[in-house]
Amino acid sequence: MTHKVAFSFADGKTLFCQVQSNEILLDAALRSGIKIPLDCREGVCATCQGRCESGQYTQDYVDDEALSAQDLAERKVLTCQTRVQSDAAFYFDFASSLCGSAEPASLQGTVSQIQQVSPSTAILHLETGVAGAALDYLPGQYARLKVPGTEHRRSYSFASAPGSSQLQFLIRLLPSGVMSDYMRERCQVGDVIELEAPLGAFYLRHIDRPVLMVAGGTGLSAFLGMLDQIAAQGGCGQPVQLYYGVRDAADLCELARIQTYAQRIPGFRFTPVVSEPSTDWAGKAGYIAEHLDAAALRDQPFDVYLCGPPPMVESIKTWRSEHALDHSRLYLEKFTESNS
C-alpha cells in the first residue's frame, strides 16, 4: 500500500510524493527529490521537524528535548521518525528553496463547461488530462490561469476537491477586465488555458475541533473545495459552520450545492449575509462579524478559516481580538480582487 503525502512550505509552495507502506517519511521525501533539512536522523536534533496538518501517522522515537509534550499535542513530528498510516499533509516553517526546486506544475486545461451561477459570477470547468489524470493540490489552494490571447495571468482558488482531472474555478465577472471580458465574449468549450498549480498556504488542515469558515464574494471558491472533500469523507466529526457574505443577494451563488452539505456533513450549518440588501431580503443583513456568536465559541477551542477581500478579513480578525478568542487557530487567504 502507498500513501500520497503533501509537503507545504512557508512560501506557499507544495510538493507531493508517494510513501510506501511502513516507510520512513524522510526517506520517501529524499527518494522523491524533496531534500528536507536533516542532521542526526535519530530523533534527537529536530532539524527535520514539521507539523502534520492532516492524516494519521506514528513516530518511532522522539527525544523529549527535540519535541515537548506540547509539541506532540500540536502534531509536530520529526520526519526521520515518522511513518504515515494514511494520505497526509505536512507543513514546514521554512521556504521550499531549502528543499530544492519547488516550482508549481505548468499544464494545460481544456474548457469543458462555463456556468453562469449569478449575474456577477461564473464557474469555469477545465479538463486537465485523459485516462483519469489528476492534478495534485490541497483543498483551499489556488492556480494561476493565463488568459487566452494575452500574457496576463489571474489567480483563482480551486472550487472542487482534488482527485479528479475536472477542475472548477469560481470567477467574478467585473464590468471590464482581462479575464472577465474573455469569459463573457470569447470563452468557448474546447479552449485551451495554461495554468500553474498548486499555489498557496491556505488549505484544509486536520480537523479536531469545531470549524468556522468565513467567505467573502468569490472567496467562497476555496471553501467549496474544502467542503467537497469533507463531504466525500462523510463528515469530520466536528461541527462546521459557513458564513458567506456578498453585497447584493443576487451575488449569492452555488446555494443548492451548499445546501447539499447539510445532508452530507453532520453538524454543518450555513448562514448567508448580504451587506446591502433590498427590501425583499429576509436573511442576515450587514457584515458577517455582526452575526458571529462569540459567546458560543468562548469556552472551546476552534479553527477559523477566512477567505475574501482584505476589509472582510480584517473585520473578522478584529472581532476575534475584541472578544479575546485567541484560543482559536486562524488560517486566512486575503486577496485583492483584480480591477482589470
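**Chat about a predicted model**

Biologist: Let's start with Thr82: buried or exposed?
Modeller: Thr82 counts as buried, because its relative accessibility is 0%. Buried means under 20% relative accessible area, exposed is over 50%, and partly exposed lies in between, using a 1.4 Å probe and protein chains only. Before you go on: this is a predicted model, where local features need pLDDT of at least 70, side-chain atom pairs count only at pLDDT 80 or more, and totals for chains, interfaces and linings use all residues. Residues are numbered from 1 along each chain as its sequence is written, and side-chain values use heavy atoms, with hydrogens and water left out.

Biologist: Thanks! Where does Thr82 lie?
Modeller: Thr82 is part of strand β6, residues 82-84. Strands (E, at least two residues) and helices (H or I, at least four) are DSSP runs numbered from the N terminus.

Biologist: Which backbone oxygen lies 2.7 Å from a polar atom of its side chain?
Modeller: That is the backbone oxygen of Leu78.

Biologist: And what is Thr82 in contact with, leaving aside neighbours within four places in sequence?
Modeller: Its partners are Glu23, Ile24, Leu25, Tyr57, Thr58, Gln59, Val77 and Phe90. Contact means heavy atoms within 4.5 Å.

Biologist: What about Phe90, which residue is its bridge partner?
Modeller: Phe90, in β7, is bridged to Cys52. Strand β3 and strand β7 (residues 88-92) run antiparallel and share three bridges.

Biologist: What is the strand order in that open sheet?
Modeller: The five strands are ordered β2-β1-β7-β3-β5, with mixed pairing. At the edges sit β2 (14-20) and β5, each pairing on one side only.

Biologist: How many bridges join β1 to β2?
Modeller: Seven, with β1 (residues 2-9) and β2 running antiparallel. Within that pair, Lys4 has Gln18 as its bridge partner in β2.

Biologist: New topic: helix α3. Which of its residues are buried?
Modeller: In α3 (residues 178-185), the buried ones are Val178, Met179, Ser180, Tyr182 and Met183. Their cover includes β8 (105-118), β9 (121-127), β10 (142-146), β11 (153-157), β12 (166-172) and β13.

Biologist: What is the phi of Glu254?
Modeller: Near 55°, which is positive although Glu254 is not a glycine. Glu254 belongs to the loop between β15 (240-246) and α5 (255-264), and it is buried at 15% relative accessible area.

Biologist: And Ala324, buried or exposed?
Modeller: Ala324 is exposed, at 53% relative accessibility. Its phi is positive as well, about 55°, though it is not a glycine. Look for Ala324 in the loop between α7 (310-322) and β19 (329-334).

Biologist: Zooming out, how many helices and strands are there?
Modeller: The protein chain has seven helices and 19 strands. Its radius of gyration is 21 Å, close to the 20 Å that the globule rule gives for 340 residues, so the chain is as compact as a globular protein of that length. The radius is taken over C-alpha atoms, and the rule is 2.2 Å times the number of residues to the power 0.38.

Biologist: What box do the C-alpha atoms fill?
Modeller: Roughly 65 × 50 × 35 Å along the principal axes. Of the 340 residues, 51% count as buried.

Methods
Polar contact = N/O pair within 3.5 Å; in protein donor to acceptor, adjacent residues only side chain to side chain. Pairing = 2+ DSSP bridges.
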